Number of protein chains: 2
Amino acid sequence: MDSKILNLRSKMEVYKAMTDGGNFADCPVRDVIQGISGKWSSLLMMALAERPYRFGELRRLVPDISQRMLTQTLHDLQRDGYVHREVFPTKPPSVEYSLTDLGRSMFGPLQQLVQWAELNHGAVRDARAAFDATQG
Amino acid sequence: MDSKILNLRSKMEVYKAMTDGGNFADCPVRDVIQGISGKWSSLLMMALAERPYRFGELRRLVPDISQRMLTQTLHDLQRDGYVHREVFPTKPPSVEYSLTDLGRSMFGPLQQLVQWAELNHGAVRDARAAFDATQG
DNA sequence: AGTGCTGCTCTCTTTTTGAGACTATATGAA
DNA sequence: TTCATATAGTCTCAAAAAGAGAGCAGCACT
């Protein structure tokens, strides 16, 4: 028996058990994962894990995000409890975004994934090139 | 000095250093992360980590995915080297999808995130409820 | 001859995202 | 005064992505 495979099986079982009667559609784990799997969520989490940032700073840090998506993604991250938004009464008023404790605790696992991407983006690039060569 | 914060800083530096001259737009880490942060990618990775599945089996396992998105997500995962697609010459022909070694190695970190979601979906639900109550 | 299974693709509609103008207030420079 | 800058957004419209569902080709079973 391979305990690694058994472990993977049990994970899937949990993902499945969270749902009512084996239906995946209303799974809370899925719900949480989808909240952080947006196009910009993980990038903003990475930035805010470094230190708090203001709206305009984030915009300059991630030059190809639109203001609209920055507003919306920060709003969603705040709603899910990962990000704290604080308005300072300067003139003009400035808004600072920072991670909450929940956000920091989620950032741990997220960081693992980023680390993996860091180590393996070469392999992914190669796989894409090979695939495109045969399927082109 | 807080070594944890220093560590987070260095992670962001790496994410940033991957780009040409501090520009985030063409970052390979971002490229890899975005490839697996689609709406269905992580869910299919979870399923295929359990065991290989056929197209129709995946469709039944994840009832609210459309055929179109299942085809496309599997295609993208295959292109990035996470998933292997094998056609068996049965009548009618059947197609089996399984994780590659690269896919399995990526599934480790991904699983950490799922585990976190499992433990913390209550906190996220509460945060959402609290946010909606004040901002509704 | 009709029905069903397989793994798709094609089209149409709805949702999401992107690009960019516009708001309101205040500060400093010409 | 008038112009330019900065703040953090919102609003509108176009483009891209996703969802719904029909259609397809080949074979087996009845």
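This is a predicted model: local features need pLDDT of at least 70, side-chain atom pairs count only at pLDDT 80 or more; totals for chains, interfaces and linings use all residues.
Good morning. I begin with a contact between the chains: the axes of H6(A) and H5(B) come within 8 Å and cross at roughly 115 degrees.

Sorted by class, the contact of H6(A) with H5(B) holds two nonpolar, two polar and three charged residues.

The axes of H6(A) and H2(B) come within 8 Å, crossing at roughly 85 degrees. H6(A) and H2(B) are therefore roughly perpendicular to each other. Which residues take part? From H6(A) there are A:Leu113, A:Val114, A:Trp116, A:Ala117, A:Glu118, A:His121, A:Val124 and A:Arg128, and from H2(B) there are B:Pro28, B:Val29, B:Asp31, B:Val32, B:Ile33 and B:Ile36. The classes here are ten nonpolar, one polar and three charged residues.

Let me turn to the cavity. The count comes to one cavity of 30 Å³ or more, and the volume of the largest cavity is about 130 Å³. Its lining consists of 13 residues, of which A:Ile36, A:Ser37, A:Leu113, B:Ser37 and B:Leu113 are the closest to the centre. Which elements give two or more residues to this lining? They are helix H2 (28-36) and helix H6 (101-135) of chain A, together with helix H2 (28-36) and helix H6 (101-135) of chain B. By class, the lining of the largest cavity has eight nonpolar, five polar and no charged residues.

I now come to the sheets, starting with chain A. Chain A has an open sheet of three strands in the order S1-S3-S2, with antiparallel pairing. Strand S1 (53-54) and strand S2 (83-88) of chain A each have a single partner strand and stand at the edges, so one side of each is left without a neighbour in the sheet. S1(A) pairs with strand S3 (residues 94-99) of chain A over two bridges, in the antiparallel sense. Within this pairing, A:Tyr53 has A:Tyr97 in S3(A) as its bridge partner. Helix H3 (residues 41-50) of chain A packs on the sheet and touches S1, S2 and S3 of chain A, with its direction at about 95 degrees to that of S3(A).

In chain B, the open sheet of three strands has the order S1-S3-S2, again with antiparallel pairing. Its edge strands, strand S1 (53-54) and strand S2 (83-88) of chain B, each pair on one side only. S2(B) and strand S3 (residues 94-99) of chain B are joined in the antiparallel sense over six bridges, and B:Val83 has B:Leu99 as its bridge partner in S3(B). H3(B) lies across S1, S2 and S3 of chain B and runs at about 95 degrees to S3(B).

H3(B) packs against a helix as well. Helix H3 (residues 41-50) and helix H5 (residues 67-79) of chain B pack at an angle of about 75 degrees, their axes 10 Å apart. H3(B) and H5(B) are therefore roughly perpendicular to each other. B:Ser41, B:Leu44, B:Met45 and B:Leu48 of H3(B) make this contact with B:Leu70, B:Thr73, B:Leu74 and B:Leu77 of H5(B). Six of these residues are nonpolar, two are polar and none is charged. Thank you.

Key:
Residues are numbered from 1 along each chain as its sequence is written. Chains are lettered from A and ligands numbered from 1 in the order in which they are written. Side-chain values use heavy atoms; hydrogens and water are left out. On a 1 Å grid over the protein atoms alone, a cavity is a set of points where a 1.4 Å probe fits but cannot get out, and a pocket is an open set with protein on both sides within 12 Å along at least five of seven lines; lining residues have an atom within 4 Å of a point. Grid points are joined across faces, edges and corners, and a volume is the space filled by probe spheres set on the points. Helices (H or I, at least four residues) and strands (E, at least two) are DSSP runs, numbered from the N terminus. Ala, Val, Leu, Ile, Met, Phe, Trp, Tyr, Cys and Pro count as nonpolar, Asp, Glu, Lys and Arg as charged, and the others, Gly among them, as polar. Axes are lines fitted to C-alpha atoms, for helices over the stretch in contact, and angles run from 0 to 180 degrees between N-to-C directions. Angles under 35 degrees count as roughly parallel, over 145 as roughly antiparallel, 65 to 115 as roughly perpendicular and the rest as oblique. Contact means heavy atoms within 4.5 Å. Two strands pair if DSSP finds at least two bridges between them.
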